[in-house]
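Here is a short briefing for a first look.

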Amino acid sequence: MFSDILTVMWKERKGLLRYQGSRTRAVLGLLIPMVMLGIYLPLQIGRALVEGPWSLVASVFIPMMSVGMMIPESFAGERERHTLGTLLASRLPDRAILFGKVAVAVGYAWGMALMLLLVSLVMVNVTHWDGQVLLYTPIMALANVALSLLMASLVAGLGVLISLRSATVQEAQQTLMAATLFPLVLLQMIPLLLLNVVPDGKARLRELVATANPTQIILIVMAVLVVLDLGLLMAAMARFKRARLILD
Amino acid sequence: MTETAIRIENLTRDFETVRAVDGLSLEVPSGIIFGFLGPNGAGKTTTINLLLGLLEPTDGLAEVLGFDTQAQADEVRARTGALLEHPGLYEQLSAEDNLEFYGRVWHMTPAERQARIKELLTHMGVWERRKERVGTWSKGMKQKLALARAMLHRPPLIFLDEPTAGLDVVAATAVRDDLEALAVREGVTVFLTTHNMAEAERLCGQVAVIREGRLVAVGHPDELRARTGGPRLEIFGRGFNDNVLNLLRTRPEVVAAGVQNEHLAIDLREGTDVAPLVSLMVSTGVQVEEVRRGKASLEEVFLTLMEEER
């Protein structure tokens, strides 16, 4: 089983290096976010990027965007390009196909997020050098490492389920983007609700921010993500079965 | 390997209200190219999916290489190769990488993979182009590559679902030549679905004809021709008028007579002596240039079987 997963990963990685048939596109797909979030953002924000929660933006959005593109390509793409039938007619176990594809998408997104954090850190130190090396706080470093992995897994699990129900890659990518962005929009609305609907909302929000323990919040978010990730992975395992896929 | 490569008993598969395969019973001997013929929607692809264990039958059972396709589907897939409705190639990868991937899938060692890929691509005449992206290849070349992929791990049985469909004459002939040469050289059993009767006639040691999921006939192409169509006489020349045709149709040994493509085609009963008929025509003023004896083609047999079923 493990060697079968590695085989699927080998193929996925090869395809990744030739995204839509072009090596240039694959390199650009890596360079553009690197320049935007790894160079431009540190230049704009400066030390606050390392000292505050700004780095979490990259840890959340990079996995969301890259897994959101890769998983539909990998799953819905196999059906759209008529390669799924042949893959299913081979001796590969269902789970090796599933895990191999998910592992490459999550690994790529996680690696990219970690690389971005490192590039950002170097950029901030270079451009805002004050004689001392600036580092992420331990809790922020942990949050970045764990959140980027958990977010990548979350979007991957959701992406598999959506891709298996979508007729085309484009449909899967659009649905997946909508499904991942909708909860974030909802989360942004909570402070607004507190401000406008709840009496004395501004004061309450200020109190909430002042009394909140960032470590506790991060741990709670991570615990929720772990539960969601496991649930989605199990749902994907139940759905990704030959007998069902061949009829889709 | 077992003497029988595939054994099917009363195999049935329903899709909601449609019965795609209807009580199919069949045996495919090892080491031959077995043609599975039928019009579009006859149930050919569904049968292949059932034999590969990709679909579960509604009723009946099938054994492939001695393995139950339901209980031992993994064993079946581990020992077979397939070229399905579409070539199933990764167009962004090179030809070599496509085969490399499936070589890894079949757990071939690196040395085995390298040697086999070279052997197959050289045989197909595309070794020099192995590094090119498959997406840039012609349809015929892709189909050849897909055929190579199906045979890569030397399976004793391969399923080919209309391998020459949609190809031009030159590409189809090239694929057919490769298939025939490889099947003979490697002693592989081939389960070939097609609606190209000339292809089946040329390649297949045995054929089965299905319609609406039901088996209509099975046997060697010659047997089917003998069973369904009798001997035939084709006369080329001039003077095939209505009087001649009417006279022929009154003869007890003549089943049917008509002018086709400027020659006279006469279907005869078995054991008919042809010489008196030719003399008769000459005596009625027909100018005979050439006389050919033959039998109905597989295509004509197929059409007859389809008509009978209606």
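**A sheet and its helix**

Strand 1 (residues 4-15) of chain B pairs with strand 2 of chain B in the antiparallel sense, over eight bridges. The model is predicted. One bridge in this part of chain B links Arg7(B) to its partner Glu27(B) in strand 2.

**The sheet in chain B**
- Four strands form an open sheet in the order 2-1-4-5, with antiparallel pairing.
- Strand 2 (18-29) and strand 5 (67-68) of chain B stand at the edges.
- Each edge strand has a single partner strand, so one side of each is left without a neighbour in the sheet.
- Helix 1 (residues 44-51) of chain B packs on the sheet and touches strand 1, strand 2 and strand 4 (59-64).
- The direction of helix 1 makes about 65° with that of strand 2 of chain B.

**Chain B as a whole**
- Chain B holds 11 helices and 14 strands.
- Its C-alpha atoms fill a box of roughly 75 × 45 × 35 Å, taken along the principal axes.
- Of the 310 residues in chain B, 44% are buried.
- Among contacts in chain B between residues at least 6 apart in sequence, 72% join residues at least 24 apart.

**Where the chains touch**
- The contact takes 20 residues from chain A and 26 residues from chain B.
- On the side of chain B that touches chain A, helix 2 (73-78) and helix 3 (95-105) of chain B are the elements that give two or more residues.
- Helix 3 of chain B gives the largest share of that side, five residues.
- By class, that side of chain B has 13 nonpolar, eight charged and five polar residues.

Definitions and conventions: Residues numbered from 1 in each chain as written. Chains lettered and ligands numbered in written order. Predicted model: local features only at pLDDT ≥ 70, side-chain atom pairs only at ≥ 80, totals over all residues. Contact = placed C-beta atoms within 7 Å. Nonpolar A, V, L, I, M, F, W, Y, C, P; charged D, E, K, R; others polar. Pairing = 2+ DSSP bridges. Axes fitted to C-alpha atoms, helices over the stretch in contact; angles between N-to-C directions. Buried ≥ 20, exposed ≤ 12 C-beta atoms within 10 Å, placed from the backbone.
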